[in-house]
Amino acid sequence: MDLIIAIIMVGCGCCLALAAGAAVVSRGSHPATRTAQGLGVAVLALYLVFLWDQPLLATLLPFSSLIILSNWLPVLGSFFVGIYLSTGSVSVTRRRIVSGLTVCLAAYSVVAPTFGHPPECSDRPAVAGLQHQSTPFTCSAACAASLLKLHGIPASENEMADLCLTRQGTHWMGVYRGLMLKTAGTGWTVKVESFSPNDLRELKTQPAVISLNVDTSGIPNHIDHGFHDAVGHSVLSLGSPGDTLLSVFDPSPDFGLEVWGDALLQHVSSGVVLRLVPENPEIAVKIDIPRNIAAAQRERWLAAGL
């Protein structure tokens, strides 16, 4: 339902933007039209440079439907369509064809995240709340389920793959959606930040899902990392034992609990951190997160030893 409401809202925004574009041409002078077009281009450029796919969007639009609401391109495009449709220097047929195609592309971009179906996950049980992925595409879903369990919120890989809109992978905004829906009414909410290998202070004792991209070209050959260029991956941060070290749970079946150092962290080209923060300080007192992490690590090591 959250996605349907968001699609309707974006659709209404497109209609208003299209009407505004048409009004600029029909009611304004030629210089005013030029100014409006320039402002539209400036807003589009600012959006693409500073907001497109940036964690800041989660602060501006803290809703589970962020993956829909954060796409402003259809609204901005509709404004230019309105201007184009009202321009008398172009034939009516050409204006209709170009505008119709543009509107179709805009509509597709709005609803595209809802297309498809999540992969079928197995019923593979988690060990100490840490969930391995059971398909090649559900690393984010598995990490999200593990993060929730560490905070005392029941979740499964299959459920999170559905809520996170996992298809041939999962966008971080999809993970945000899944976590927002699961934490509703629990006293926890979701905070999103950019990942910086040079500042791990926020990850000292707070678990978090890290969706990242790694440039593998510079990683030494002796490091078994499992990353691929142009293919994102998600892991669960379990804390930072040092200024340049990060303890992680990699949900890939071939990996597991690891400690990453500079040799790997410095090759992270981009990343997004999603963690749960208490809306009420009393919630954090009731759930001993560091103790849960320690217990999960201990049981994981014991299971691996067996």
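Helices here are DSSP runs of H or I with at least four residues, strands are runs of E with at least two, and both are numbered from the N terminus. With that in hand, take L165, which sits in the loop between α8 (157-163) and α9. Its phi is near 60°, a positive value in a residue other than glycine. Most residues other than glycine have a negative phi. L165 counts as buried, at 11% relative accessibility. Buried means under 20% relative accessible area, exposed means over 50%, and partly exposed is in between, with a 1.4 Å probe and protein chains only.

Before going on, the ground rules. This is a predicted model, in which local features need pLDDT of at least 70, side-chain atom pairs count only at pLDDT 80 or more, and totals for chains, interfaces and linings use all residues. Residues are numbered from 1 along each chain as its sequence is written, and side-chain values use heavy atoms, with hydrogens and water left out.

D53 also has a positive phi, near 65°, and is not a glycine. D53 lies in the loop between α2 (30-51) and α3 (56-60).

Now the whole chain. The chain has 12 helices and 6 strands. Of its 306 residues, 43% count as buried. Now contacts, meaning heavy atoms within 4.5 Å. Take those between residues at least 6 apart in sequence: 67% of them join residues at least 24 apart.

Next, helix packing. Two packed helices are described by the angle between their axes and the distance between the axes. The axes are lines fitted to C-alpha atoms, for helices over the stretch in contact, and angles run from 0 to 180 degrees between N-to-C directions.

Start with α1 and helix α5 (residues 73-85). They pack at an angle of about 30°, with their axes 6 Å apart. That makes α1 roughly parallel to α5. The cut-offs: under 35 degrees is roughly parallel, over 145 roughly antiparallel, 65 to 115 roughly perpendicular, and the rest oblique. The α1 and α5 crossing is right-handed. Right-handed means that the near helix is turned clockwise from the far one by less than a right angle, and left-handed means anticlockwise.

Which residues meet between α1 and α5? From α1, the list includes V10, G13, A17 and V24; from α5, it includes P74, F79, G82 and I83. By class, this contact has 13 nonpolar, 4 polar and no charged residues. For the classes, Ala, Val, Leu, Ile, Met, Phe, Trp, Tyr, Cys and Pro are nonpolar, Asp, Glu, Lys and Arg are charged, and the others, Gly among them, are polar.

S140, A144, L147 and L148 in α7 meet V175, L179, K182 and T183 in α9. The α7 and α9 contact has 5 nonpolar, 2 polar and 1 charged residues.

On to charge pairs. Side chains of opposite charge can pair when their charged atoms come close. A salt bridge here is a side-chain nitrogen of Lys or Arg within 4 Å of a carboxyl oxygen of Asp or Glu. How many salt bridges does that rule give? The count comes to 4.

One of them joins the side chains of R177 and D2, at 2.8 Å from N to O. This pair links distant parts of the chain: R177 is in helix α9 (residues 172-183), D2 is in helix α1 (residues 2-27), and they are 175 residues apart. R177 counts as buried, at 9% relative accessibility. D2 is buried as well, at 17%.

Then there is a network: K191, E193 and R275 are linked by salt bridges. K191 and E193 meet at 3.6 Å, N to O. K191 is partly exposed, with a relative accessible area of 36%. E193 also counts as partly exposed, at 22% relative accessibility. E193 bridges to R275 too, with the closest N and O atoms 3.3 Å apart. That link runs between distant parts of the chain, from E193 in strand β1 (residues 188-194) to R275 in strand β6 (residues 268-278), 82 residues apart. Where the accessibility of R275 is concerned, the value is 3%, so R275 counts as buried.
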